[in-house]
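Thanks for coming. I have one model to go through this morning, and I will keep it short.

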There are 2 protein chains.
Amino acid sequence: MAIELTTAQALQLWHDVNLELVRDDQPDLTSRQTSILLTIYLEAPPHTVRGLAQKLGVSKPVITRALNAMGKLDLVRRRRDDEDRRNVLVQRTVNGALYIEYLADMLARQAQGVRP
Amino acid sequence: MAIELTTAQALQLWHDVNLELVRDDQPDLTSRQTSILLTIYLEAPPHTVRGLAQKLGVSKPVITRALNAMGKLDLVRRRRDDEDRRNVLVQRTVNGALYIEYLADMLARQAQGVRP
DNA sequence: TAAGATAAAAACGGAACCGAAATGAAATTG
DNA sequence: CAATTTCATTTCGGTTCCGTTTTTATCTTA
């Protein structure tokens with residue numbers, strides 16, 4: 001069951017979602033931060049800085065800084081890998097799960113409102 | 001014909017779209033810039049700095065700066081309003097229309113790929 | 001026409017982010 | 001066990017964005 005969406009509907013949905021993200025009082029995440037956050041919450045662990053950098057096609061410092069920012073917001077958490085202490089494992093938080101839930105509900109609601 | 005999308009599907013779609021935006025070599029727009037751009041291209045003119053600021057719930061300098069940035073990318077253009085020369089009218093460009101088209105196609109393609 | 005109102009931009013200091021290069025810590029290899 | 005590799009972070013200079021405040025230009029109105 002693929003989702004059939006005309007390009008006009010897709011644009012309108014993108015517009016409405018972005019507008020709500022700007023207008024709400026949730027923290028504003030960049031595309032990179034959003035990609036990282038959703039990768040962590042949608043894909044199976046473990047998630048390392050190196051792995052995330054490869055998946056997104058960006059440098060490792062970009063991941064480090066994004067983790068700093070999202071760590072401050074309590075959306076993700078770092079933990080040293082005990083198997084290989086060079087690695088940092090990125091983990092979920094309760095607050096991050098709540099944010100994801102907000103995002104998912106908003107997206108589904110906006111999609112619901114798409115007009116033919 | 002509303003678009004039915006589970007929250008899980010919505011999240012996956014959001015993830016995939018953001019990931020592609022990070023990975024492509026198109027200019028990276030912020031949520032605010034995207035909202036402004038799509039407002040200009042989806043809603044009827046005229047578009048003024050003041051009107052855009054109100055619609056997005058942000059200050060006017062935010063709009064001015066976003067227009068500077070998107071003007072450099074040739075995505076939008078300013079024109080003085082001849083009726084009231086205090087106003088700036090924001091207008092579309094060919095390059096902006098091409099960017100919108102790229103965005104729309106990518107979104108529709110990603111939506112097409114959503115799995116039940 | 002002088003005074004006030006309005007629209008946009010500019011200026012300012014502070015915060016965040018960028019890519020590239022250097023550093024620190026831990027594991028691996030010869 | 002010394003040298004090298006790997007992983008993540010820090011640092012650097014530069015750019016961009018933020019909110020607030022000030023300035024400039026234009027219009028309205030008393």
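Some conventions before that. This is a predicted model, in which local features need pLDDT of at least 70 and side-chain atom pairs count only at pLDDT 80 or more, while totals for chains, interfaces and linings use all residues. Residues are numbered from 1 along each chain as its sequence is written, chains are lettered from A and ligands numbered from 1 in the order in which they are written, and side-chain values use heavy atoms, with hydrogens and water left out.

Chain A, then. Chain A has five helices and two strands, where helices (H or I, at least four residues) and strands (E, at least two) are DSSP runs numbered from the N terminus. In sequence order the pattern is α-α-α-α-β-β-α. The C-alpha trace of chain A spans about 55 × 30 × 25 Å along its principal axes. Chain A has 116 residues, of which 47% count as buried. Buried means under 20% relative accessible area, exposed means over 50%, and partly exposed is in between, with a 1.4 Å probe and protein chains only. Taking contacts in chain A between residues at least 6 apart in sequence, 55% join residues at least 24 apart; a contact here means heavy atoms within 4.5 Å.

Now the DNA. The surface near DNA strand C divides into five nonpolar, five polar and 10 charged residues. For that count, Ala, Val, Leu, Ile, Met, Phe, Trp, Tyr, Cys and Pro are nonpolar, Asp, Glu, Lys and Arg are charged, and the others, Gly among them, are polar. H4(B) gives the largest share of this surface, four residues.

A polar backbone atom of Arg50(B) is 2.8 Å from a phosphate oxygen of DNA strand C.

On to strand D. DNA strand D is surrounded by 19 residues, and the closest are Arg50(A), Thr64(A), Arg78(A), Arg32(B) and Arg65(B). Of its atoms within 4 Å of the protein, 67% belong to sugar or phosphate and the rest to bases. The side chain of Thr64(A) has an N or O atom 2.8 Å from a phosphate oxygen of DNA strand D. A polar side-chain atom of Gln33(B) is 3.1 Å from a phosphate oxygen of DNA strand D. H4(A) supplies the largest share of the surface near DNA strand D, four residues. That surface divides into five nonpolar, four polar and 10 charged residues.

An N or O atom in the side chain of Arg86(A) is 3.4 Å from a base oxygen of DNA strand D, and one is 3.5 Å from a sugar or linking oxygen of DNA strand C.

The largest pocket holds about 410 Å³ of space. Its lining has 26 residues, and the closest to its centre are Leu29(A), Thr30(A), Ser31(A), Thr30(B) and Ser31(B). On a 1 Å grid over the protein atoms alone, a pocket is an open set of points where a 1.4 Å probe fits, with protein on both sides within 12 Å along at least five of seven lines, and lining residues have an atom within 4 Å of a point. Grid points are joined across faces, edges and corners, and the volume is the space filled by probe spheres set on the points. The lining divides into 12 nonpolar, nine polar and five charged residues.

Ser31(B) lies in helix H2 of chain B. Is Ser31(B) buried or exposed? Ser31(B) is buried, with a relative accessible area of 16%. Beyond its neighbours within four places in sequence, Ser31(B) contacts Asn18(A), Val22(A) and Leu29(A).

Last, the arginine. Arg77(B) sits in strand S1 of chain B, residues 76-80. Arg77(B) counts as partly exposed because its relative accessible area is 39%. A polar atom of the side chain of Arg77(B) lies 3.1 Å from the backbone oxygen of Arg92(B). That is all I have.

Definitions and conventions
Polar contact = N/O pair within 3.5 Å; in protein donor to acceptor, adjacent residues only side chain to side chain. Near = heavy atom within 4 Å.
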